[in-house]
Amino acid sequence: MTTPVTVAQLHPRLAEFTVVDVRSPGEYAAGHIPGAHNIPLDRLDEALPTLRAVADGGGIAVVCASGNRSRTACERLAAEGITALTLTGGTSAWAGGGHPLDRVAGAPAVWAMDRQVRLVAGGLVLAGVLADLVRPGARWIPAAVGAGLAFSAVTNTCAMGNLLGRLPHNRSRPAGTDLATTLAGLRG
């Protein structure tokens, strides 16, 4: 079961939790809750033994940009018997509540994943409509994008986001922030 927590509930108790940020390394580097550890959602399974040990020693709060990926991560953790809270509204709500975000020094600014998805989906739709003017039948491109977005909403998954998360600008990590270092830091 996924237990949501609001910024107002988490902020005064932040020191009681190990905060796990499941966004891409690029998103994390561009701004994260102070003290958060970056374990991208697609690498969560690798971190399960460490997260189980962390949960035995205290609470885990999972965060992403808006709350969708953190809910998915909490469901995955719950399936493994690990209790975790998900921050409603994610880092967007955290920053919107006037709380600071830490940034990794020297990290390039990376757009949030939902913004990247909107750019690519919108670009594909526009390209398909324009291509249909030259080559009739190309309208199936925007139809496929629309079907993919509808499927994404119904299943609360995002194949396009998963693919974009694998691009080099989303995967690059500044020195010392690789997953092995993050997990070693969690182990103490």
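Below are my entries on helix packing, then pockets, then one arginine.

**Ground rules.** I am working from a predicted model, where local features need pLDDT of at least 70, side-chain atom pairs count only at pLDDT 80 or more, and totals for chains, interfaces and linings use all residues. Residues are numbered from 1 along each chain as its sequence is written, and side-chain values use heavy atoms, with hydrogens and water left out.

**Entry 1, H3 and H4.** I started with helix H3 (residues 44-57) and helix H4 (residues 68-79), whose axes come within 11 Å and cross at roughly 55°. That makes H3 oblique to H4. For my own reference, angles under 35 degrees count as roughly parallel, over 145 as roughly antiparallel, 65 to 115 as roughly perpendicular and the rest as oblique. Axes here are lines fitted to C-alpha atoms, for helices over the stretch in contact, and angles run from 0 to 180 degrees between N-to-C directions. Helices are DSSP runs (H or I, at least four residues), numbered from the N terminus.

Which residues in H3 meet H4? I found Leu-44, Asp-45, Leu-48 and Leu-51 in H3 against Ala-73, Arg-76 and Leu-77 in H4 (contact means heavy atoms within 4.5 Å). By class that is five nonpolar, no polar and two charged. Ala, Val, Leu, Ile, Met, Phe, Trp, Tyr, Cys and Pro count as nonpolar, Asp, Glu, Lys and Arg as charged, and the others, Gly among them, as polar.

Next I checked H3 against helix H10 (residues 179-187): their axes come within 9 Å and cross at roughly 15°. That makes H3 roughly parallel to H10. On the H3 side I see Glu-46, Ala-47, Thr-50, Leu-51 and Val-54, facing Leu-179, Leu-183, Leu-186 and Arg-187 of H10. This contact splits into six nonpolar, one polar and two charged residues. Leu-51 was already on my list for H4.

H6 and H7 pack at about 150° with their axes 7 Å apart, which makes H6 roughly antiparallel to H7. H6 brings Ala-121, Leu-124, Val-125, Gly-128 and Val-129, while H7 brings Ile-141, Pro-142, Val-145 and Leu-149. I logged eight nonpolar, one polar and no charged residues.

How big is the largest pocket, by volume? About 680 Å³. A pocket, on a 1 Å grid over the protein atoms alone and with a 1.4 Å probe, is an open set of points with protein on both sides within 12 Å along at least five of seven lines; lining residues have an atom within 4 Å of a point. Of its 27 lining residues, the closest to the centre are Arg-69, Met-113, Cys-158, Gly-161 and Asn-162. The lining has ten nonpolar, ten polar and seven charged residues.

H7 gives the largest share, six residues. I count seven nonpolar, three polar and no charged residues there.

Arg-69 lies in H4. Leaving out residues up to four places away in sequence, Arg-69 touches Val-22, Arg-23, Ser-24, Glu-27, Leu-41, Cys-64 and Met-113. The C-alpha atoms of Arg-69 and Leu-41 are 7.1 Å apart, although 28 residues separate the two along the chain.

Methods: Helix = DSSP H or I, 4+ residues; strand = E, 2+ residues; numbered from the N terminus. Points joined across faces, edges and corners; volume = space filled by probe spheres on them.
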